[in-house]
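What follows is a short briefing for a reader who is meeting this structure for the first time. Please look over the sequence and the model shown here before turning to the points below.

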Amino acid sequence: MGRIKPQALLQQSKKKKAPSRISASTIAFLALVVVLVLFFIFSGFKHFSNRPDDRAEHGFSIGRKGLVELKKSDVPTYAIINTSKGPITVELFKDASPEIVDEFINLCEKGHFKGMRFHRVIKNYVIQGGDVHSLGTAEEWTAKGKQHSQLDRSVKHEAFMLGTSKTRRDNKSFELFITTAPIPDLNEKLTVFGKVVKGEDVVQEIEEVDTDEHFQPKSTIGIMNVTLEQKI
C-alpha cells in the first residue's frame, strides 16, 4: 500500500473542516418561520389587551356604550343605596326602563350619588335627593299629593318606587325620588326605574325627620354611596 504524501493529507483535512453552506431556500424558510412566530405573538397580545376587565364580565362597565353592548342578563339587578340612616336595596327595572337603568348604573360607577343629600321630604308622599329647584315647588307637590286619590292609579307609582325626573337637562341633574305612598299623578314628571325591596323602614325613618316650612330636613340626611349587585 502506497504512502499518502503530507501535502495530500493537509488538503483532505481542510476539506473535512470546511463548513457547509446554507442554501437560499433554507434561509427563506427560516425567515418565514420567524415572521409567523412574531405575527402570532402580536395577535395574541392584541387579543388579551382588548379583553374586558373583570368588572365588565360581571356587568360593571364604565360608560353607556359598554353597557349597551352587554347582555341584559349581565346588567346589575340591584342597587344598594347606603344612606346615613341605613341601606336601601332597590330592584332595578332593567327590562321596563333599560335606558334609565343604563344611565343610573353609569352614574353610580362615576360616584355621582356619593354625598347627595335628601333635601326634600314630604310625609306620605316622597323623599327627594338632588337639585332643590327641580320639579316645581314643594307646595305644588303637596297640593297634587292631596288630589292623587281622585286620579287613575298607576301600578308603577305605588309606595317605595324609585324614579327620576323626566325633565332633567343632563346627567348632572339626575335625581332620585322614592315614593312613600301611591302617587299615580307623577306619571308625567317621573320615570320609575326601580322598587325598594329591602330597607322600607329606612325610607320611613327618613320620611319622619323634622322639616322646615319648605319641606327641607332640619338635619342632614345623605347618600354615602351606591353599590351594584347581581344578587342579594
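Helix α5 is made of 12 residues and reaches 17 Å from its first C-alpha to its last, close to the 16 Å expected at 1.5 Å a residue. The model is a predicted one, and its protein chain holds seven helices and eight strands.

**Helix α5**

- Helix α5, which covers residues 98-109, lies across β1, β2, β5, β6, β7 and β8, and runs at about 120° to β8.
- The helix is mostly covered, with nine of its 12 residues buried, and these buried residues are I100, V101, D102, E103, F104, I105, N106, L107 and C108.
- After α5 comes G111, a residue whose phi is positive, near 80°.

**The sheet**

- An open sheet is formed by eight strands in the order β3-β4-β6-β5-β7-β2-β1-β8, and the pairing is antiparallel.
- Its edge strands are β3 (118-122) and β8 (223-229), each of which pairs on one side only.
- On average, and with direction ignored, neighbouring strands of this sheet are turned by 25° against each other.
- Strand β1 (residues 78-83) is joined to β8 by six bridges, the two strands running antiparallel, and I81 has V226 as its bridge partner in β8.
- Helix α7 (residues 200-207) also packs on the sheet, where it touches β1, β2, β3, β4, β6 and β7, and its direction makes about 120° with that of β2.

**Strand β2 and its partners**

- Because five of the seven residues of β2 are buried, this strand is largely enclosed by the rest of the structure.
- Strands β1 and β2 pair in the antiparallel sense over six bridges, and a hairpin joins β1 to β2 through two residues.
- Within this pairing, the bridge partner of I81 in β2 is I88.
- Strand β2 is also joined to β7, by four bridges and in the antiparallel sense, and the bridge partner of E91 in β7 is K195.

**Two residues of β2 compared**

- Which residues does P87 touch, when those up to four places away in sequence are not counted? They are I80, I81, N82, K198, G199 and V202.
- P87, which is found in strand β2, is partly exposed because its relative accessible area is 46%, a value that lies between the 20% limit for buried and the 50% limit for exposed residues.
- P87 and V202 are 115 residues apart in sequence, yet their C-alpha atoms are 7.1 Å apart in space.
- T89 also lies in strand β2, but T89 counts as buried because its relative accessible area is 7%, whereas buried means under 20%.
- Residues up to four places away in sequence again left out, T89 touches Y78, A79, I80, K195, V196, V197, K198 and I232.

**The nonpolar cores**

- In soluble globular proteins, nonpolar side chains tend to be buried together.
- The largest nonpolar core here has 32 residues, of which I88, F104, F113, L176 and F193 touch the most other members.
- The elements that give two or more residues to this core are β1, β2, α5, β3, β6, β7, α7 and β8, and the largest share, six residues, comes from α5.
- Leaving aside neighbours within four places in sequence, I88 is in contact with A79, I80, I81, T83, I178, V196, K198, G199, V202, V203 and I206.
- A second, separate core has seven residues, among them Y125, V126, F177 and L190.

**The chain as a whole**

- The protein chain has 232 residues, and buried residues make up 38% of them.
- Among the contacts in the protein chain with a separation of 6 or more, 68% are between residues 24 or more positions apart.
- The protein chain exposes about 14900 Å², of which carbon and sulfur atoms supply 56%.

Definitions and conventions:
Residues numbered from 1 in each chain as written. Predicted model: local features only at pLDDT ≥ 70, side-chain atom pairs only at ≥ 80, totals over all residues. Heavy atoms only, no water. Buried < 20%, exposed > 50% of the residue type's maximum accessible area, 1.4 Å probe, protein only. Contact = heavy atoms within 4.5 Å. Pairing = 2+ DSSP bridges. Axes fitted to C-alpha atoms, helices over the stretch in contact; angles between N-to-C directions. Expected span 1.5 Å × (residues − 1). Core = buried A, V, L, I, M, F, W, Y, C linked by side-chain atoms within 4.5 Å. Areas by Shrake-Rupley, 256 points an atom, 1.4 Å probe, with all protein chains shown as cover.
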